[in-house]
Amino acid sequence: MLMTFDAPDANVCVMRRERSTTPLQALTLLNDPVFFECAVSLGGILKAESGSDASRLRQGMLRSAGRPPSPDEEATLSGFLTTARAKFAGKDDAEGRAWTVVARLLLNLESVPVRE
Amino acid sequence: MMMGPDMNPVHGLARRGFLTSAASGTGLLALAHQMAGATPVANPLSPKPSHAAPKAKACICIYLEGGPSQIDLFDPKPKLNELHGQKLPDSLTRNVRFAFIQKEGARVLGSPRTFARHGGCGMELSDLLPYLSRHADDIALVRSMHTEAFNHHPGQLLMNTGAPVFGRPSMGSWLNYGLGSPSRDLPGYVVLSSGRGTSGGTSNWGSGFLPSTYQGVLFRNQGDPVLNLSNPPGVDADIQEATIRALSSLGAGQYKHLGDPEIASRVESYELAFRMQASAPELIDLSREDKRTIERYGLDRKEPAIKASRGGGPGQFRSFATNCLLARRLVERGVRFVNLFHASWDHHSNLDNELTHNCLMADQPVAALLDDLKARGMLDSTLVLWLSEFGRTPLGENRGGSSNVTGRDHHPFAFSIWMAGGGIKGGQVLGKTDEIGWSILEDPVHVNDLHATILHLFGMDHLRLTYRFQGRDFRLTDVGGKVVNKLLA
């Protein structure tokens, strides 16, 4: 994972770490177990929140990106939540799974991950 | 993936270049245009026309980090055995800065290698390269390369990015920027590494000031080349697709708002990641390869035990051979540029043993790659390069005044590389060095000239492939470069 995010070899020193944007980084943030556990955990928190879907999405955005969603963003997130609920309908813990994938989406937002 | 949309004028320029370089569209930019009601703009990696008809469509660049000894591999110098143990005239070394040699006690080091003529062209090659020797008529051997950099990292940057400083785009980035990549489902620029890792690291395949979409994508050299191709438990392909769509849509909004091309690169990387989940498992599954192919590349060869301090430990034979095979599979699937690194060939000491070991590792798979490309009719359109940052000195290295001399120091004034396929005129030796291999006598080729020639083979004029950054147009060849016409078929 360190290599995927451009960590230099342990046996050399570098003056500057390169910046990169690669599909392997996307795969890590989406699918690596550690990042998925974070999504499960944030999903659990959002599911447990009281209030409307809108306010929970707002909470999720605040917790991940540190700012509330714009109206366009809220519409996209809410559309995704609807899709996820429809997908998991009738399955075990459908609501929890829907919020997990919403959290996973939030944690992969451009506004969220590692910033310099 | 660190990025910040700092809105300085440089980003404005980058954005303009990014948008004007695009032509028709998918993904984020398509979404962005739908939202803005503008004309369609493109995936930055969609194929673009070249300046002239190309000979090469893809490149496999085999980079042997550290400076393989040209004197022991490609450029026979029997005179060194005559002069073995003697001093060189002061006039040769007076103004030279060495990395490690102490001038006072430095002595000529002969070579135990034997050279024979190969192919119809009679190319002289070392006994350490028996497999490659069969391809003498396919390769153009350049014995007159020269560079300014005499240490590894600047040398690697110069050879890979055209300048010995940080922040310039590498060859593969320039080619993907200029031409896009025919592969929609795999990155246009893939990096395969074995051994202990290059001292230049990721800066050797960086995209510099170009958008990071054009950066090389490094596959792993142990276990699966690409990780995390499977979705987490409970996430199926539909949800994954919906997630990517939502991320693209949210990214498009941010892009419209901030105009940072790095947002576009990032969304592009997610969309490509999604497509790779479908394409990469097939790419890295070697089980359908012919048994004979696996044997020819030497994936299962026995690795001789050697105490090679610069090696990178056991397992390299397999990983280097696998990388050669993967390189062919990547090019077959439309990837524009494959960079294959191995470290290290930096033989300051123990040269005979370690060079022998490295050649045992590299010779067979590299030759198999040439064979394989040829058999599949791919060599004509695939440029294969064997490069390093410099060569090694005719003088033995007496680091710290040591009298136990078993290696050679860095030599930037004259070294050897070779090229094959992709419009190269094989079966020729270009350039000539003096009788001890110190200086070039004929046809000097600078790194910038090499780059100009590589771009030319892809139908690109190195003077016209530019990117405006910090107020001026930058090129891979910086302010130099001349196409070496003798190398062209």
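Chain B puts 47 residues in contact with 44 residues of chain A; two residues are in contact if their C-beta atoms, placed from the backbone, lie within 7 Å. This is a predicted model, in which local features need pLDDT of at least 70 and side-chain atom pairs count only at pLDDT 80 or more, while totals for chains, interfaces and linings use all residues. Residues are numbered from 1 along each chain as its sequence is written, and chains are lettered from A and ligands numbered from 1 in the order in which they are written.

- On the side of chain B that touches chain A, β6 (217–219), α9 (237–258) and α10 each supply at least two residues. Helices (H or I, at least four residues) and strands (E, at least two) are DSSP runs, numbered from the N terminus.
- The largest share of that side, eleven residues, comes from α9(B).
- By class, the side of chain B that touches chain A holds 22 nonpolar, 21 polar and four charged residues. Ala, Val, Leu, Ile, Met, Phe, Trp, Tyr, Cys and Pro count as nonpolar, Asp, Glu, Lys and Arg as charged, and the others, Gly among them, as polar.

**Helix α1(A) against helix α10(B)**

- The axes of α1 (residues 23–31) of chain A and α10 (residues 261–284) of chain B come within 8 Å and cross at roughly 75 degrees. Axes are lines fitted to C-alpha atoms, for helices over the stretch in contact, and angles run from 0 to 180 degrees between N-to-C directions.
- α1(A) and α10(B) are therefore roughly perpendicular, a label for angles of 65 to 115 degrees.
- From α1(A), the meeting residues are A:Pro23, A:Gln25, A:Ala26, A:Leu27 and A:Leu30. Facing them in α10(B) are B:Ser269, B:Tyr270, B:Leu272, B:Ala273 and B:Met276.
- Eight residues of this helix contact are nonpolar, two are polar and none is charged.

**Chain A**

- Chain A has five helices and zero strands.
- Of its 116 residues, 41% are buried. A residue is buried if 20 or more other C-beta atoms lie within 10 Å of its own, exposed if 12 or fewer, and partly exposed in between, with C-beta atoms placed from the backbone.
- Among contacts in chain A between residues at least 6 apart in sequence, 52% join residues at least 24 apart.

- All six residues of β8 (residues 382–387) of chain B are buried, so the strand is largely enclosed by the rest of the structure.
- B:Thr382, B:Val384 and B:Trp386 point one way from β8(B), and B:Leu383, B:Leu385 and B:Leu387 point the other way.
- Strand β1 (residues 58–65) of chain B runs parallel to β8(B), joined by six bridges. Two strands pair if DSSP finds at least two bridges between them.
- B:Cys61 has B:Leu385 in β8(B) as its bridge partner.
- Strand β11 (residues 415–420) of chain B runs antiparallel to β8(B), with three bridges. B:Val384 stands opposite B:Ala420 in β11(B).

**Nonpolar cores**

- The largest nonpolar core has 148 residues. Such a core is a set of buried Ala, Val, Leu, Ile, Met, Phe, Trp, Tyr and Cys residues joined through C-beta atoms within 7 Å.
- The members that touch the most other members are A:Val102, B:Ala140, B:Cys324, B:Ala327, B:Val338 and B:Leu340.
- Helix α13 (residues 351–375) of chain B gives the most to this core, eleven residues.
- Leaving aside neighbours within four places in sequence, B:Val338 is in contact with B:Ile60, B:Val190, B:Leu192, B:Ala327, B:Leu330 and B:Val331.
- A second, separate core has seven residues, including B:Leu80, B:Ile101, B:Ala106 and B:Leu395.

**Loop residues of chain B**

- B:Ser212 lies in the loop between β5 (189–195) and β6. B:Ser212 is buried, with 23 other C-beta atoms within 10 Å.
- Not counting residues up to four places away in sequence, B:Ser212 touches A:Arg19, A:Ser20, A:Thr21, B:Ser207, B:Glu262 and B:Ser265. The C-alpha atoms of B:Ser212 and B:Ser265 are separated by 6.2 Å, although these residues are 53 apart along the chain.
- A cis peptide bond, with omega about 10 degrees, joins B:Ala343 and B:Ser344. B:Ser344 is in the loop between β7 (337–343) and α13.
- B:Asn350 is in the loop between β7 and α13. B:Asn350 has a positive phi of about 55 degrees although it is not a glycine. With 16 C-beta neighbours inside 10 Å, B:Asn350 counts as partly exposed.
- B:Gln470, in the loop between β16 (467–469) and β17 (472–474), has a positive phi of about 50 degrees and is not a glycine. B:Gln470 counts as exposed, with 10 C-beta neighbours inside 10 Å.

Notes
Angles under 35 degrees count as roughly parallel, over 145 as roughly antiparallel, 65 to 115 as roughly perpendicular and the rest as oblique.
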